[in-house]
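I opened the notebook to look up a few residues, one after another. The sequence and structure go here.

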Amino acid sequence: MAKSPEEEHPVKAFGWAARDPSGHLSPFTFSRRVTGEEDVRFKVLYCGICHSDLHSIKNEWGFSNYPMAPGHEIVGEVTEVGSKVEKVKVGDKVGVGCMVGACHSCDSCTNDLENYCPKLILTYNGIYYDGTITYGGYSDSMVANERYVVRIPDGMPLDSAAPLLCAGITVYSPLKYFGLGEPGKHIGIVGLGGLGHVAVKFAKALGSKVTVISTSPSKKAEALEHLGADSFLVSPDQDELQAAMGTFDGIIDTVSATHPIMPLLGLLKSHGKLIMVGAPSEPLELPVFSLIIRRKTMAGSGIGGMKETQEMIDFAAKHNIRADIEVISMDYVNKAMERLEQADVRYRFVIDIGNTLAATKPSS
């Protein structure tokens with residue numbers, strides 16, 4: 001007979017979880033494994049809310065397991081390390097992003113691209129090596145193999161660093177891999193949300209000329225004056241679109257809702273690249289002819305390997321890149337999910353786990 005989440009492992013843990021596709025989150029008592037010789041255990045202080053969390057708790061992608069404790073933008077302070085851990089020590093500030101395991105023997109893993117391993121183990125809603133379900137950062141503690149632990153540089157604010165562990169690497173990796181984050185390149189960022197706003201910051205820091213592409217004219221001042229974009233394009237405005245045709249070297253599309261692709265392909269120069277990093281729950285229509293006639297590329301990109309994730313965090317610290325956040329208490333999380341669904345956040349919710357989770361624990 002399968003053990004309950006509370007009995008699976010020896011170390012007691014507490015967090016919030018969804019029990020069904022309604023997505024409603026509530027207090028959840030479960031357990032974590034003991035600290036293995038290559039493991040790092042840390043007290044969770046902050047956890048960002050990613051749009052993936054919303055999709056997952058509602059089973060919009062069709063592979064959710066319940067109960068589900070979400071959260072893969074997790075930062076905190078190390079409380080225990082295994083005997084073979086060399087990367088960090090007790091008291092260090094660390095983070096865990098979207099993954100906690102992989103096969104470590106395939107081509108992807110041997111090339112520091114664990115994120116593309118066929119046997120990737122997700123931080124939550126995954127199946128760990130021992131057969132138990134993984135639980136994420138909406139919880140008081142976390143334990144992970146040191147390979148999947150990121151060192152947070154000294155002086156970097158933990159609350160605004162947390163979203164970089166998913167949103168940050170999701171945009172940094174394609175900017176680097178596809179050669180878009182370079183001086184002289186003109187890059188479009190579609191969508192000015194949790195992903196888009198950090199994409200603007202990273203692209204500018206890498207030397208690119210950046211245009212924000214948005215359906216919302218009201219975001220123009222924010223994009224130009226606060227985030228430092230060079231220009232702003234209102235995508236439903238046909239005159240603006242026509243004037244910008246064929247002027248972009250690449251576009252990073254961060255939108256997670258269904259939307260037309262044809263106008264974006266038209267903005268690209270010959271050999272231009274449209275990179276999808278948002279994950280709409282419904283298929284998009286792909287106008288193949290638009291790719292053929294100018295040898296354009298449409299591709300996807302999903303987070304990054306652990307080596308690149310550490311590189312991204314170090315780059316962000318050096319260039320003072322932070323996510324723009326709204327810090328919330330644990331008991332506000334369901335309201336935050338409602339607001340996230342309406343895109344009513346500027347630009348990332350971060351749960352103050354360290355100061356607010358314990359107060360939600362039912363009295364025994």
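Is F289 buried or exposed? I found F289 exposed, at a relative accessible area of 60%; buried means under 20%, exposed over 50%, and partly exposed in between, with a 1.4 Å probe and protein chains only. I note that the model is predicted: local features need pLDDT of at least 70, side-chain atom pairs count only at pLDDT 80 or more, and totals for chains, interfaces and linings use all residues. Residues are numbered from 1 along each chain as its sequence is written, and side-chain values use heavy atoms, with hydrogens and water left out.

I placed F289 in helix α9, residues 288–292 (a DSSP run of H or I, at least four residues; strands are runs of E, at least two; both are numbered from the N terminus).

Next I looked up H186, which sits in strand β10, residues 186–190. H186 counts as buried because its relative accessibility is 12%. I noted a polar contact of 2.8 Å between the side chains of H186 and T211 (a pair of N or O atoms within 3.5 Å; within protein, one must be able to donate a hydrogen and the other to accept it, and residues adjacent in sequence count only if both atoms are side-chain atoms). Leaving out residues up to four places away in sequence, H186 touches K209, T211, T247, F248, D249 and G250 (heavy atoms within 4.5 Å).

G155 is exposed, with 76% relative accessible area. From G155 to L357 I read 202 residues in sequence and 24 Å in space, C-alpha to C-alpha.
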